[in-house]
Structure formats: structure tokens, C-alpha cells
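Please look over the sequence and the model before reading on.

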Amino acid sequence: MASPRGELLQEFYSIGDVCTLTELKPHVLRYWESQFKVLSPAKNRSGNRVYSRREVELILLVKHLLYTEKYTIDGARQKLDEHRKGGAIRTAARAALEVEVLESIERELAELQALLNDMPDDRR
């Protein structure tokens, strides 16, 4: 199970790393890059995308706006612009990261609870 908890320690990430951290598919990330100007990863000499920690945080913010807050692409773009103009985009990105981490912990706890429930009483 992928989890953003504690894994945002590197400075740069491949698209595969970002997919694992964010639980998103590569085509979703590429599409979002075309829709959100704040998402513009650099490319290495081989032409592969290289995401900074800040971009991973912004991706999690976009994911939060689209999947949790249920904004449309246009609505999420406007919200990002509001955060950026207000100087609060990093704060909003960090808050989205915290929500993602908490949701990940809740999923993992639910999985552990299910495993425990399936375990025979004499093995608990």
C-alpha cells in the first residue's frame, strides 16, 4: 500500500515515485500538467520527468481539491490561483498532505483491523 507518510524526504522524484506516493496513474499526472500551470516538472537529460518535493505537495493539493473537495478542473485551477495570489499555496499544499497522510493511516488501520478480525482467537 502506498503512503505519502514520511516518504517526502528526497528532493527529486521520478514519475513512478510520484505515482506510488500519490496513488495516481502516470496519465493522470501528465493530464494535470496540461491543466495546471503550477505543475511543470523539469526533465532530465533522458527526457524523463523529475518532480521536486514542492511539486509533489502541489499534486497532492490538486488531488485533494478534485477528489475530496469535489472541485471541477476549472474550479480547482481557480482555487489554486486564489491560494497563490493570497500567498497561501504552500500552506494549502501542506494541509492537503496532512489530510492525505491521515487518510492513508486510516486505510492502513482498517486493513490491520480486518487482518486481526480474520485471525483465529488463539493467535491474537
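The notes below cover the basis of the model, then the sheet, then the helices.

The model is predicted: local features need pLDDT of at least 70 and side-chain atom pairs count only at pLDDT 80 or more, while totals for chains, interfaces and linings use all residues. Residues are numbered from 1 along each chain as its sequence is written, and side-chain values use heavy atoms, with hydrogens and water left out.

**Sheet**
- Three strands form an open sheet in the order β1-β3-β2, with antiparallel pairing; strands are DSSP runs (E, at least two residues), numbered from the N terminus, and two of them pair if DSSP finds at least two bridges between them.
- β1 and β2 are the edge strands, each pairing on one side only.
- Strand β1 (residues 12-14) is joined to strand β3 (residues 49-52) by three bridges, and S14 has V50 in β3 as its bridge partner.
- Strand β2 (residues 42-43) is joined to β3 by two bridges, and V50 in β3 is the bridge partner of A42.
- Five residues separate β2 and β3 in a hairpin, where G47 in the turn has a positive phi of about 90°.

**Helices**
- Helix α1 (residues 15-22) lies across β1 and β3 and runs at about 95° to β1; helices are DSSP runs of H or I, at least four residues.
- Helix α3 (residues 53-68) also lies across β1 and β3, at about 85° to β3.
- Axes are lines fitted to C-alpha atoms, for helices over the stretch in contact, with angles from 0 to 180 degrees between N-to-C directions; contact means heavy atoms within 4.5 Å.
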